[in-house]
Amino acid sequence: MKNSIFFHLLLIAFFGVSCQNSQQQTSEKTVSKKPNIIFVYLDDLGFGDIGVNGAKGVQTPNIDGLANGGVNFLNGYASSATCTPSRYAAFTGQYPWRKNAKILPGSAPMLIDTAQVTLAGMLKKEGYNTAIIGKWHLGLGTHDKDWNEHISPNPNDVGFHHSYIMAATQDRVPTVYIEDGDVVGLDKNDPIQINYDENFPGQPTGKDNPELTTMKWHHGHNSTIINGIPRIGYMKGGKSAIWNDVEMADHFLGKVKNYINEKAKEDKPFFLTYTMQQPHVPRTPHPRFVGKSTLGPRGDVIAEADWCIGELMKTIREAGIEENTLIVFSSDNGPVLNDGYYDDAVEKLGDHDPNGGLRGGKYSLYDAGTHVPFITYWKGQIKPTVSNALVCQMDLFASLAELVGSDMKAEDSENVLSALLGESKEGRASLILEATTRTSYRKGDFVLLPAYEGPEVNHEVNIELGNLKELALYNLKEDPAQQKNIANENPELVASLLKEFESKRGS
Ligand code: NG6
Ligand code: CA
């Protein structure tokens with residue numbers, strides 16, 4: 001698509017250069033630069049968890065501001081219903097099931113091959129400064145890594161100039177920040193040890209010492225207790241490096257602000273991936289946000305995340321780069337209420353529907369597993385609109401490659417740039433969606449779910465998993481809640497979709 005905004009801007013810039021007056025030269029400087037790109041990626045935020053998509057009991061004025069001032073996608077998808085696979089797809093442009101990507105323990109080695117093309121690597125090659133700040137959850141180093149030494153490979157080996165991350169999730173050890181491959185604030189006299197199989201002798205756990213916990217575990221989450229919160233996995237030592245859970249949002253935001261303020265001064269554009277931890281468990285709002293929603297901690301951390309996005313926007317405005325910055329906002333998978341701790345998410349739900357009317361949730365092959373908030377915002381370039389175009393985070397690679405003039409390709413990424421910029425209502429024609437290695441096939445308004453063995457419902461999290469005894473076809477436009485299986489009435493359509501699905505899925 002050679003008529004992308006960036007190429008229009010180059011034209012404008014060309015005329016700007018030929019003008020001698022200084023005002024136009026200033027505008028040339030701002031518009032001729034490739035835009036900064038910020039990918040804001042939340043963790044477990046449901047389609048219905050934001051105001052514009054109908055949230056109740058929590059207000060998200062800053063996220064709504066992006067949606068109302070940009071494109072709010074009503075058919076925007078993560079590739080998968082859990083974090084690691086979705087992030088893998090978003091960062092590499094490749095379907096995660098090709099790599100057998102699954103939720104990783106905090107001790108896992110790096111999942112992305114250092115030789116692989118990545119979104120950040122592509123943009124780096126195009127002259128971008130690149131950084132990731134926030135959750136990683138794609139593995140680090142090797143199997144036998146020592147957390148007390150420099151950890152390699154790390155995000156800096158797969159396209160990011162700079163990384164300031166948590167290794168996995170807020171509920172998994174190690175509960176420390178890692179900057180450019182080194183644990184932050186580590187005292188070498190108190191080395192960190194991590195084990196996902198067995199405890200270190202004598203260390204209390206959530207299972208054996210519930211009296212030491214301030215947050216109670218419901219399922220899983222009964223290993224090492226850190227800051228009163230029982231976690232997944234065992235950790236010993238590293239006390240000086242342990243993060244403060246309630247300050248995590250402020251901590252990452254501070255790093256984000258510094259990065260933007262620093263890079264906005266440089267001639268190079270920047271690509272920042274801001275991977276926020278909310279509203280994943282454990283939900284630990286800063287005291288400033290406690291009670292900001294009627295939904296308990298889950299809603300309060302959504303309010304906290306929204307405030308962070310307000311601060312992000314303020315930073316961009318004050319740095320004078322709002323009109324040269326494309327923001328993409330989304331979530332790695334659908335919502336879950338009780339994901340392993342008693343935190344009132346179920347009890348205080350009221351009439352809020354995190355799914356926004358969709359069926360299933362996190363872990364599910366039903367639509368709410370992968371159908372998430374998806375917003376693009378670029379002041380002065382994107383006209384506010386609501387879009388039904390089918391887009392996936394995996395498409396960022398090809399779309400942004402088009403935007404910045406790169407000819408690099410990623411296996412499964414499709415160029416939907418004109419949809420992302422609100423110029424077209426056409427997205428991709430079809431998409432394979434994934435939930436813990438099971439896959440479904442979306443094409444147009446239809447989605448085909450093959451039959452899978454396994455429980456209908458995960459009772460611990462109370463989510464319907466989409467394991468069906470018989471293949472199902474749903475028309476999501478007419479039946480977004482997937483109540484009516486229309487497979488029997490449409491045998492020809494089922495046969496043709498199945499054929500396409502099997503040839504693309506390779507099974
Ligand atoms: C599950 C955890 C859940 C969450 C999830 C990963 C248990 C019982 N459940 O295994 O709490 O951490 O992994 O979430 O341990 S994700 O958003 O990073 O995929
Ligand atoms: Ca997630």
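Gly369 is in contact with Ala81, Asn333, Gly334, Gly360, Gly361, Lys362, Tyr363, Ser364 and Ala435, leaving aside neighbours within four places in sequence. The model is predicted. Gly369 sits in the loop between β13 (325–331) and β14 (374–377). Is this residue buried or exposed? Gly369 has 36 C-beta neighbours inside 10 Å. The cut-off for a buried residue is 20 or more, so Gly369 counts as buried. Now look along the sequence to Gly299. Gly299 and Gly369 are 70 residues apart in sequence. In space, 19 Å lies between their C-alpha atoms.

Within 10 Å, Thr436 has 18 other C-beta atoms. Exposed means 12 or fewer, and buried means 20 or more, so Thr436 is partly exposed. Which residues does Thr436 touch, not counting those up to four places away in sequence? They are Thr82, Lys102 and Tyr363. Tyr363 is also among the contacts of Gly369. Thr436 and Ser330 are 106 residues apart in sequence. Their C-alpha atoms are 20 Å apart.

Step back to the whole chain. The chain holds 10 helices and 22 strands. Its radius of gyration is 22 Å, close to the 23 Å from the globule rule for 507 residues, so the chain is as compact as a globular protein of that length. The C-alpha trace spans about 75 × 65 × 45 Å along its principal axes. Of the 507 residues, 54% are buried. Among contacts with a separation of 6 or more, 70% join residues 24 or more positions apart.

Conventions: Residues numbered from 1 in each chain as written. Chains lettered and ligands numbered in written order. Predicted model: local features only at pLDDT ≥ 70, side-chain atom pairs only at ≥ 80, totals over all residues. Helix = DSSP H or I, 4+ residues; strand = E, 2+ residues; numbered from the N terminus. Rg over C-alpha atoms; globule rule 2.2 N^0.38 Å. Contact = placed C-beta atoms within 7 Å.
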